[in-house]
Amino acid sequence: MKKSLLLLFSLILSTGALFAQNAITGIVKGANGITIPNATVKIRGTNISAIADVNGAFTIDAKQQPPFYIQISSVGYKPQDFQILKFQDTPIELVLIEDTQLDEIVVTSRRRSEVLQDVPIPITVIGGQAAENAGAFNVNRLKELVPSVQLYASNARNTTLNIRGLGSTFGLTNDGIDPGVGFYVDGVYHARPAATSTDFLDIEQIEVIRGPQGTLFGKNTTAGAFNITTTKPTQTPTAKVEMSVGNYNFIQAKTSVSGGVAKNLAAKISISGTQRDGTIYNTREERRYSGQNNLGFKGQLYFTPSDKLKILLSGDVSVQHPAGYPLVIAGVTTTERSAYRQYARIVSDLGYQQPKIDPFSREINTNTPWRHNQSIGGISLNVDYKIGNGTLTSTTAWRFWNWDPTNDRDFSELAALTKSQGNSRHDQYSQEIRYAGNITEKLSGVIGVFVLGQNLQGLGQTEEVGKDQWRFVQTGNTGTQALYSTPGLLDGFGIKTNSTIKSLSAAVFGQVDWEVIEHLHVLPGLRFTYDKKDVDYDRNTYGGLQTTDAALLALKAAVYSNQQFNTSTENNNLSGNITLSYRPNPKLNLYGTFSTAYKPVGVNVGGLPTTANGQADLTLAVVKPEYVEHYELGVKTKPFKGAILNVTAFNTDIKDYQTNVQSPQLGVNRGYLANAEKVKVKGLEIDGTYQLERFLTLNAALAYLDGKYVKFTNAPLPLEETGHTELVNGVATQVAFKDASGGRLPGISKWNVSGGAEFSTPGNLATKPGRYFIAGDASYRSTYSSNPTPSSVLNVQGYSLLNARLGFKSDKFSVFVWSRNLTNKNYYEQLQAAAGNSGLYAGVLGDPRTYGATFRYSF
């Protein structure tokens, strides 16, 4: 018995000694040497964890022998892993870096990791968490945070994404033009502007790069680029869930799960869903529009067999089935047409009440359902292989876009332009290979090749008019024009269009950074681009009164006619840039840049104006490329601890600016592309941030933009001047175009301001340590033109928006309440003339006040 007790006692002692040897003691500190209280300490790959005390001290039982990793995390600091190679008797000291050290933000805009303030390029960086906290769950909402960004969308397809007022045509989208703002996610170029409408999934960082960047990125970026990176899968099992609820029955849920599935192979699955009732009510259908119904999925496999090789396979798909995004009637103006052709007279003659001009009642009365369904996604393979002091990267991708819309283009209860349905299917294939890194101690750079193939199909795209359209196209009630009132002549009359654009873009690009003498860097870059586009356009009429009467057929043909054409065009371009950068110390970076850039040749697939004999004007089928000359001076500074102040001045001249114009001919109501001879945009940008320890963070940015047509002699008439006549050879002749030289470019506010502040203080929620915070973001933009040609009525008045949030955050979870457009400001995002230019115009409304709560938890 005594022997047994002695044996048991010895076993207990040895077990206790074993456990004692597995215990780790330590202290968590910040980079400034101050201890961090209440940090979470976890043994990686297990559920074993502990919480540091108020002095940063902790003890944790690993229950295993070294080597292994411990993870340290605390709100406001970057989570970090530390390897334990052996147990020791003295406490270990672990140092965390603050997550909000603004002067240490790392970017990849030059295709390698660099500190933001060292890069001689104007860049705004928004962390994924910061974007989510501000309610920016897609690109559209980022425009409130970055003054130089303009994004206008009446729906996902008709999206204009510009930087400094340049990039894409303003208004209805024409598929035959390339965007001038590059949009990249994990190195993959997204060709369709609809990509900006999808919800963010696991965003790590968003870099908004301003100015031409063709020597750094695969696709032409004449105005700038969005460079978005997502978080990669981890071997350590992690998960994150997020739930938001709000008014208008808003609900958004996100989840992400990551972990190792085999040696050196990690996987991640992310899902996002957003649902919200509409903010615009259709009194005729008794249903709401302008809501949200989004579902997104992303899966990744990350293979890291060695320190030199990393392979990332990604697949994503986003499906959006909102109720649709209607425009509301914003007003009616008098045109220069005869009294017989004014909108009020037309509506009265048809026996309707005059339209209700009360846009911010958020009510419509349209008789065609609105639908804007889309699916977008793709697969990509990214391979990084370290060679010498650099990395060789291959990015291979396929992406698709399906678009299924229905619009009521007369914006009213009238059966006039009853249906506009631009169904599209897009496929793109891209391959980029580049090498970036340090060549010598004084020389670094990037060189690459890029190929992009696209196939964009218009599938049975429909424009259809109804029983009331005859009165809109009738110019008088005598002669043959009186025959427009023939019963059923235009009822259900329309066109179906099938078109294909096959395009190929290939480029070789490179840029080096050479420190010629100490602190002085010279950065030359060069790019050669080849573009080819093949177009097949086939439009056929259908419906209406079936007749053989030549006079009636001529009247129908004046509304819609058949059009068929094929065209092929190609172009090549050599462009480049040179930058001088002087960095005498870590607090100052002075730089100047001159660059040339190029946007490819465009093609028209939205219907062409007709010549005097009724045939398509093929001289307008191809649109000349844009040529850009850009000058920029900038300074990046760290004036004192915790502060950053950057200033940029620039001037951009564009020859043969590609613009979207609206013809008074109904058959081209989608508008078509044309060239303005020359435009100029110049401006000044100032942005700054300040961080006081962890308690206060401030940011502010200002952009002054002045964009004008230097020469645009064949601009379309603004709405109020439709029907304008001039003496031509002594005869009063109606004209459709005017000289808009000196007029301002659409979509550009002269003054754009944004700013934000966050104040936080340490505290506990129940037993969980963390920080309570209150934060707000404000933005202002001055009046801007909403028409290709300056108009007295199609101007969006300036407006201010305020967003706010209040809550608690820790390293594992956060909970907060929020409101967007807190003051419930009524404002337009866009105004546009109704097809046919009879005097009616409609607007895209900004969201009213929304509010709700968000809960986020990670483990």
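I began with aspartate 307, which counts as exposed because its relative accessibility is 68% (exposed means over 50% relative accessible area, buried under 20%, and partly exposed in between, with a 1.4 Å probe and protein chains only). I noted that this is a predicted model, in which local features need pLDDT of at least 70 and side-chain atom pairs count only at pLDDT 80 or more, while totals for chains, interfaces and linings use all residues. I also noted that residues are numbered from 1 along each chain as its sequence is written, and that side-chain values use heavy atoms, with hydrogens and water left out.

I placed aspartate 307 in the loop between strand E22 (292-303) and strand E23 (309-320); helices (H or I, at least four residues) and strands (E, at least two) are DSSP runs, numbered from the N terminus.

Next I looked up salt bridges, each a side-chain nitrogen of Lys or Arg within 4 Å of a carboxyl oxygen of Asp or Glu, and the search of the whole structure finds 30.

I found that arginine 345 forms a salt bridge with aspartate 349, with the closest N and O atoms 3.2 Å apart, and that both lie in helix H3 (residues 343-349), four residues apart, about one turn of the helix. Aspartate 349 also forms a salt bridge with arginine 471, where the closest N and O atoms are 2.8 Å apart. Arginine 471 lies in helix H4 (residues 469-473) and aspartate 349 in helix H3, so this pair ties together parts that are 122 residues apart in sequence. I recorded aspartate 349 as partly exposed at 40% relative accessibility, whereas arginine 471 counts as buried at 1%.
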